[in-house]
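Hi,

Here is the structure I promised to pass on.

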Amino acid sequence: MSDETSDVSETPKKRSVLKIVLVVLLALILLGGAVIGTLFAVGFFESGSAEDAIAAMEAGENGDNLEDIVESEQPQGKNEDSDEGELAYFEIKPELLSNLFNSQRMIQVQIAVMVKENDDKTLVEEIKEHAFPVRSSFLKILSQKREDEVSNLGFRENLGDELKKAMNDVLEKRTGSRHIQELYFTEFIVQ
């Protein structure tokens, strides 16, 4: 009789230990699957070396490819008010990102401009040559904006006018004329 009671008490203990081992093993398998899935998602297993990625980033920092900084499109139509030239639109790349003055908040804008192209179609290229001083003046203006100004009615229009004036000032200083007809925000984020 005593043998039967000891066999019965050992069986539930073995089963509970077996259940714990299985749960821990299942948890480890799920955790490993999550880690491997995350690594795939972020591109850890993609072909290509880190040296290639570093070289591409350095090329972008050095400004080796001006087309990445200022992307131009073909002229978008004739200006009917004047026969001086066609209108050309181009977007300044990449977007501008700056902290607001004395704040944790950020402002990010993507800017496109309209110019009246000259007869030999060199004005857009001339403006592209001065992309770095233009970006610098834009970032200076954006970093001086305060958090309370951003919520004011008409802030976006006033900022657009201020950036257009700054860009024309830079171009006038460097090329001798004010080329920018209009400035547009294609992206405007404050967070």
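Before the strand pairing, one term: two strands count as paired if DSSP finds at least two bridges between them. Bear in mind that this is a predicted model.

With that in hand, take strands E3 (residues 86-99) and E4 (residues 106-116). They run antiparallel, and 10 bridges join them. Phenylalanine 90 is a handy spot to look at, as it stands opposite valine 113 in E4. The two strands form a hairpin with 6 residues between them. In that turn, asparagine 102 has a positive phi of about 50°.

Now for leucine 96, which sits in E3. Is leucine 96 buried or exposed? Its relative accessible area is 2%, so leucine 96 is buried, the cut-off being under 20%. Leaving aside residues up to four places away in sequence, leucine 96 touches Ile107, Gln108, Val109 and Ile111, along with Arg135, Phe138, Leu139 and Leu142. Isoleucine 111 is 15 residues from leucine 96 along the chain, and their C-alpha atoms are separated by 8.2 Å.

The buried residues in H5 are Ala131, Val134, Arg135, Ser137, Phe138, Ile141 and Leu142. Looking down the axis of H5, these buried residues fall within an arc of 160°, so they line one face of the helix.

Cheers

Notes:
Residues are numbered from 1 along each chain as its sequence is written. This is a predicted model: local features need pLDDT of at least 70, side-chain atom pairs count only at pLDDT 80 or more; totals for chains, interfaces and linings use all residues. Side-chain values use heavy atoms; hydrogens and water are left out. Helices (H or I, at least four residues) and strands (E, at least two) are DSSP runs, numbered from the N terminus. Buried means under 20% relative accessible area, exposed over 50%, partly exposed in between (1.4 Å probe, protein chains only). Contact means heavy atoms within 4.5 Å. The arc is that of the directions from the helix axis to the C-beta atoms.
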